[in-house]
Amino acid sequence: MKGKIIKGIGGFYYVFAEKEEIYECKAKGIFRNQNIKPLVGDDVLMDVLDEEAKKGNITDILERKNELIRPAVANVNQALIIFAAAKPAPNLNLLDRFLILMLRQQVETIICFNKKDVVTEKEIGLLEETYRNCGYHTLFTSTYTEEGVASLKEMLAHKTTVLAGPSGVGKSSLVNLLSPEANTKTGEISEKIQRGKHTTRHSELISIGGDGFVMDTPGFSSLYLSDMEKDELKDFFPEFADYASECRFLGCMHLNEPDCKVKEALQIGKISRIRYKNYKDLYEELNQKKKKY
């Protein structure tokens, strides 16, 4: 039987298979011998050992389309990063860190600002301008009025999407609107592993109908770009690309160099001051880190 791993914990893998049934499986020893570790998101073949108890063995891992390191997941089509538009105010430095992380792994990212009902049109306009102008899909939702939820669901249909965002932004409420049965399904897994109430300390896939899945990941409050060189950073701000080739110096960092076309674009409003400040702060962080070692 074919299925998809939606959660892995304690050596057990929970496979979403035919008729939307969830099977508790072990992986055959052959994977250990070949140094292959099943990942959440893997499409697998399994033998059913006990249909009534929904237990089985994973016999084969089908070819992966891709594999992310952070978070560890296979066969991802896109990422969805959720921040509140207000209450709490969005930490855009943290958002930009996540965008860099996904861009490094070549994963297309959608930005969702939730709690649209508690912000002004002016606040919405600033966020929209900041991120749409640098090429990101950006949308605004409200779990209170359900505005934007249908559009979001369309963007997630038929895809496996990594879902992330800090605590308190309405992520769980959005998932419940996207998949009203999500609590039931995750409850089944919680009962199987006898860990009581479901929490998101472990990454898992949640079905949103058909062949669409979202991967719920633990909330994060910080994200360090520890393995990046400071000279690389400029390449992960896509809005710089249109101007960087015209800078006087090859390899211009767009900081203190003369005749920098990126800084000229900044001065006339072609590049977001918010994004540029985050670039400078991240550059300095990487520079200080390098000095320590």
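This is a predicted model: local features need pLDDT of at least 70, side-chain atom pairs count only at pLDDT 80 or more; totals for chains, interfaces and linings use all residues.
Local features need pLDDT of at least 70 and side-chain atom pairs count only at pLDDT 80 or more, while totals for chains, interfaces and linings use all residues. Residues are numbered from 1 along each chain as its sequence is written, and side-chain values use heavy atoms, with hydrogens and water left out.

Let's start with strand 1, residues 2–9. Strands (E, at least two residues) and helices (H or I, at least four) are DSSP runs, numbered from the N terminus. Six of the eight residues in strand 1 are buried, meaning under 20% relative accessible area, whereas exposed means over 50% (1.4 Å probe, protein chains only).

| Partner of strand 1 | Sense | Bridges | Example |
|---|---|---|---|
| Strand 4 (residues 43–50) | antiparallel | three | G3 with V44 |

Strands 1 and 2 form a hairpin with two residues between them, and there G10 takes a positive phi near 60°.

On to helix 3 (residues 121–132). I124, L127, T130 and Y131 are buried there.

Finally, N93 sits in helix 2 (residues 92–104). N93 counts as buried because its relative accessibility is 18%. Its side chain makes a 2.7 Å polar contact with that of R97, a polar contact being a pair of N or O atoms within 3.5 Å; within protein, one must be able to donate a hydrogen and the other to accept it, and residues adjacent in sequence count only if both atoms are side-chain atoms. Leaving out residues up to four places away in sequence, N93 touches N278, D281 and L282, with contact meaning heavy atoms within 4.5 Å.

Technical notes: The expected span of a helix is 1.5 Å times one less than its number of residues. Two strands pair if DSSP finds at least two bridges between them.
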